[in-house]
Amino acid sequence: AFSFAHGSASRVARRARGSERSNAKLTVDVLHAAGALPAAAAAPEGDYKHAAPFDEALHQLNNATRPISEDDVVTLCALVRRLAMLAGDDADLWKALVLTVVRRRFHSRSPEARADAKSEAEDEAALGDGERLIFYVAFVVILHLLREDGHHGLAAKAASVLCSLAPLAGGSRDTCTLLELAAYDALQSTGLNQQRAAHGHAAALAAAAIAFSSD
């Protein structure tokens, strides 16, 4: 399983948060545990299409720093979940959420950027941040929302769009990571991860092969 170590987070952010936190191992298990938690603050009562709360939360996501600890991941998951709650059944708000997540992932070295680069002087502000962990966290939260409400068509569409854009925004690495995150979610929802903990990897793998094999 992949693991997210400290990565290449901003030196300024590292100093501000403390070097003791930079070695946190942000594994698949950690991401999914955080993604399952409820939002820190409930969505306001009334009309979810009111733009101000959503715009404020979206601004926070657009300016969020790269998570470097489990606490950071929990905070980010809560923010994404809150945005989804505020978006409700509004397709335009979901589109804004997905576009923000993709922009945070997209960067000047992504496959699509390299293919479309006009010149070395291209505006860096339009190229995004290359924040892969924010991209992955958003996907995990959406997976959990789908498990909680399997009929949420907009969440399903958002997950589909993130998967389809992963090769362009982050290349094969992102594609493989989203597959791993989705596979873990499927194993978790069927209890096979718990079986692995109780009976070992081999037994769980055999059970998963039987459970997911076609007739």
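Colleague: Leaving aside its neighbours within four places in sequence, which residues is Trp 94 in contact with?
Modeller: Keep in mind that this is a predicted model. Trp 94 is in contact with Ala 84, Ala 87, Gly 88, Ile 142, Leu 145, His 152, Leu 154, Ala 155 and Ala 158.

Colleague: And which residues have the most contacts inside the largest nonpolar core?
Modeller: Those are Leu 61 and Trp 94, in a core of 44 residues. Helices that each supply at least two residues of this core include H3 (51-62), H4 (70-87), H5 (91-105) and H8 (153-169).

Colleague: Which helix gives the most to this core?
Modeller: H7 does, with twelve residues.

Colleague: Switching topic: how many aromatic pairs does the structure hold?
Modeller: One. The ring centres of Phe 135 and Tyr 136 are 6.3 Å apart and the planes sit at 70 degrees, so this pair counts as edge-to-face.

Colleague: Are Phe 135 and Tyr 136 buried or exposed?
Modeller: Phe 135 and Tyr 136 are both buried.

Colleague: Back to H4, how many residues does H4 have?
Modeller: H4 has 18 residues, and from first C-alpha to last it reaches 26 Å, close to the 26 Å expected at 1.5 Å a residue.

Colleague: Which residues of H4 are buried?
Modeller: Quite a list, including Leu 76, Leu 79, Val 80, Leu 83, Ala 84 and Ala 87. Asp 72 and Arg 81 are also among the buried ones.

Colleague: What comes just after H4?
Modeller: Gly 88, with a positive phi of about 55 degrees. Gly 88 is also one of the residues in contact with Trp 94.

Note on methods:
Residues are numbered from 1 along each chain as its sequence is written. This is a predicted model: local features need pLDDT of at least 70, side-chain atom pairs count only at pLDDT 80 or more; totals for chains, interfaces and linings use all residues. Side-chain values use heavy atoms; hydrogens and water are left out. A nonpolar core is a set of buried Ala, Val, Leu, Ile, Met, Phe, Trp, Tyr and Cys residues joined through side-chain atoms within 4.5 Å. Buried means under 20% relative accessible area, exposed over 50%, partly exposed in between (1.4 Å probe, protein chains only). Helices (H or I, at least four residues) and strands (E, at least two) are DSSP runs, numbered from the N terminus. Contact means heavy atoms within 4.5 Å. Rings of Phe, Tyr and Trp (its six-membered ring) pair if their centres lie within 6.5 Å; planes under 30 degrees apart count as stacked, over 60 as edge-to-face and the rest as tilted. The expected span of a helix is 1.5 Å times one less than its number of residues.
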